[in-house]
Amino acid sequence: MKKLIIALAATAATLGSFTVGAEAQEKTKVCFIYVGTKTDGGWTQAHDLGRQELQKALGDKIETPYLESVPEGPDAERAIERMARSGCSLVYATSFGFMDATVKVAAKFPKVKFEHATGFKAAENLATYNSRFYEGRYIQGQIAAKMSKKGVAGYIASFPIPEVVMGINAFELGAKSVNPDFKLKVVWANTWFDPGKEADAAKALIDQGVDVLTQHTDTTAPMQVAAERGILAFGQASDMIAAGPKTQLTAIVDTWGAYYIKRTKALLDGTWKSEQIWDGLKDGILTMAPYTNMPDDVKAMAEETEAKIKSGELHPFTGPINKQDGSAWLKAGEKAEDGVLLGMNFYVQGVDDKLPQ
Amino acid sequence: MRIELERRASASGLFSVVSPLLALVLTLLAGALMFLMLGKDPLYALYSFFIDPLLEVWSLHELAIKAAPLILIAVGLSVCYRSNNWNIGAEGQFTIGAICGSILPVLVPQWHSVLVLPLMLVMGMLGGALYAGIPALLKTRFNTNEILTSLMLVYIAQLFLDWLVRGMWRDPKGFNFPQTISFAPEAVLPELLASGRAHWAIVFALVAALALWFMMRFMLKGFEVTVLGRSERAGRFAGFSARRMVWFSMMLSGALAGLAGISEVSGSIGHLQPSISPGYGFTAIIVAFLGRLNPLGIIASGFVLALTYLGGEAAQLSIGVSDKVTRVFQGLLLFFVLSCDTLILYRVRLVLGTGRNVDVRS
Amino acid sequence: MFEAILLTIVTAATPLVIAAVGELVTERAGVLNLGVEGMMIMGAVCAFAGSYLTGVPVLGVLCGILGGAAFSLLFGFLTLTLVANQVATGLALTLLGLGLSGQIGESFVGIPGVKLQPIVVPVLSDIPFIGRLLFAQDITFYLSIALVVGVHWFLFRSRTGLKMRAIGDNHGSAHALGIHVVRTRYLAVMFGGACAGLAGAQLSLVYTPQWVENMAAGRGWIALALVVFASWRPWRVLAGGYIFGAVGILQLHAQALGIGIPSQFLSMLPYAVTIVVLIIISHNRRTTLINTPACLGKPFVPDR
């Protein structure tokens, strides 16, 4: 009994020191809020790897608490407010659905800085950031056109938001730059995360005759199916080579770490400003996984395209580009404006699908 | 060794009080053990789970926001379940209520009037009630099992909302993102106090709970619900119609779920989006049972469950346990509450070997 | 291509059929276990763990079955021994299963699984068209068929099955006749759990050989719908499972063929179809009464 009392007292003491300790601490809190679990193998995991990188880089100056599986909506507002109140200096809200919640909390806590991924509403203390995934999609399209024997690729899409439509279009444009007759079939899985359904979608596309597969959903299930059926595929969000060592051509890897380190340093220096940032390959916010399972000339082409995009010589959305119905969209040499891309709700010519409206 | 139950002549008053406390103690012990296994300080973990969220005013507001839809839906369901109608599709009625209530602010945003908000609430209730009317119709007309039809209708409602906000109702200026325009100020459920975000939904919830408690306790309708729920035959002798009761209970619970839906969208979210509920309709079923299908009990259980959500979040931040721990914890709590409730209606005996009875609790 | 589509449908339907047949037995004994989703996901994680740790996928299947059955005991103890409400306990079981499986599986995320190898029956698998479909599948498919046949025989041709149906139809009289109501129900619940676990094993070892959190993604709920859809008849479960599977797959093909219906409406189809079938099956009161276990979901306490 005496031991128990001592133990209790000790715990009480640590309890006390916890609260005192938190105030005495000098470390800056940089906080993250996730829509999924940090081990989802896709979107959230990529953000969490970024957080870990940040922690490693600036660990002596900052700590990085996070909240997982926060549903979009009122729960998000509470979670973000909790972070703001718990002493976070900078909060990264890593899902589009957190937008309005972040806007509201940012207005309430003007001294705290916020950054919201993939959104379009900013404020004095609220920046937005996004990654030009479409640059990677363009390279994928080129590789697909070279590697496909049938001239048809399959695209497992999640939901018809601009982000996804943009990716489909970039893929098709890349493919057409190599093979003007290249066709792209699209299946909407209506989910970000359901391995079974993603696998079914992959099988459906393969049965429809595609021999290269790409996905805009989060699990490695389509890669596994592609491996099983002996066709080629691209990974999404993280390097999926483990799921298809002989299948993966490359993958768009979200490497948010570089961005998080850059912005957090700015916060520590006092140079942080609210900006609407849309970084691309050249900034390291996304990287291409090693080009594998392809002949050297295709690899060389992919590397060249990657270099041209990085240097700014090549913009995937450069005219002449026609819309799906054949009407002109961009004149020769004309580049698409970011605003148009961010609200993209039409296909370019060659996509074999009707965009759900 | 086995456990035998013996029905008490009447529900034990003592255990009605002791059982929830016992369940709480068992949950805390199991929780402490779990945290110990995870290598966390159990006392501090339990403190952040259950006490921390109650210490700040803003957090209490959040508790009310979280508890409101749970209580509102669960009290409706309690009447349903008492009358032996098994509506488990409240999530769908919540969704349709939210959609119907949003018709005005989304389609006629230029109409500014004090009438907008009351009309929205009424339309939300109507929508929920009519949607719950589908399983009621199928049950009374075709004898179809309402557990299944109401569950299937959940998925249909969610997909319908998804289609609306990605298509017809999408904000034209919203960069094609899947959400409607933001509601105008007069279409937003006002906040109650200046100190936090809690809005009128919690008032609706408490009023609904009290009204239904009064109905069940003092009104003929409440008696009708109970009698028909115990035995349809007995109800018929008393001149009650089981068929009408199906309609009444389903539509009542649907209306309350619909009200919860539009209150949530109007008060907490401010626009429609593909996901408007983290499973309130299903969690409310658990809340209803935790509150023993008694509207006053449901007020308490609604707050307790809301607290575990908030506590789970606080614990993630303060001690770094994953969100899965929250769900395990909620599951444990439910199991202990459900098993301890046995003590209210039954005596439990532990039988060792054959014949030798050892009275453990009676 | 036709054969390939059928193969895809078989893979999609198998877990539904297995889990539904298990739940059918549970419900025939008069117990409504809404925790199928939870038991399925526990089965999936146990199966993946077993397969990964031993390196033998078949042992994984065994682990899945045992895991599902063990988890269902929790439900059995609460609802049968302590007579807690079955609906609430089932929902709590799902909640706990989702949390617990996530916790157990945390270290397995991202590890590529080993796919359960098909067992090819010589000669028979060479039959044109149906050979590969029926005789070159993995063990879970054969088990799903065996379960349907076995459960049909058990329920309608065996003494024990008759007793079990008697319990489901009227546990009071069954008890009076000296049938062990609670013991039989325990076995039925565990059988349901074992089947759900096997269905989970199919998910993490065959359908998509990997572990990801929440990978059952609502299939447990569909299995529940299937049981009623099938009006508690094993053969109809088999047919229903394949209809459900087919609708899901064919809507993806309809899309790839460019048939322009909003995908949300296509996704609604299986649920709408279930409602319609439910109406057709149950609008004749007599046929429903013949098939429905009358004591479904009702608590039973033996009087002494």
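## Two helices in chain C

In this predicted model, the axes of helix α1 (residues 2-28) of chain C and helix α6 (residues 139-157) of chain C come within 9 Å and cross at roughly 25 degrees. Helices here are DSSP runs (H or I, at least four residues), numbered from the N terminus. Axes are lines fitted to C-alpha atoms, for helices over the stretch in contact, and angles run from 0 to 180 degrees between N-to-C directions. α1(C) and α6(C) are therefore roughly parallel to each other (angles under 35 degrees count as such).

Residues in contact have C-beta atoms, placed from the backbone, within 7 Å. On the α1(C) side they include C:Val10, C:Ile18 and C:Arg28, and on the α6(C) side C:Phe141, C:Leu147 and C:Leu155. By class, this contact has twelve nonpolar, three polar and one charged residues. Ala, Val, Leu, Ile, Met, Phe, Trp, Tyr, Cys and Pro count as nonpolar, Asp, Glu, Lys and Arg as charged, and the others, Gly among them, as polar.

## Two domains in chain A

Chain A has domain 1 (28-131) and domain 2 (133-253 + 285-352), with bounds from an automatic or database domain assignment. Their C-alpha centres lie 29 Å apart. Nine residues from domain 1 of chain A and twelve residues from domain 2 of chain A make the contact.

On the domain 1 side, helix α2 (residues 43-58) of chain A gives the largest share, three residues. That side has three nonpolar, five polar and one charged residues.

## Numbering and confidence

Residues are numbered from 1 along each chain as its sequence is written, and chains are lettered from A and ligands numbered from 1 in the order in which they are written. Local features need pLDDT of at least 70 and side-chain atom pairs count only at pLDDT 80 or more, while totals for chains, interfaces and linings use all residues.

Technical notes: Contact = placed C-beta atoms within 7 Å. Parallel < 35°, antiparallel > 145°, perpendicular 65-115°, else oblique.
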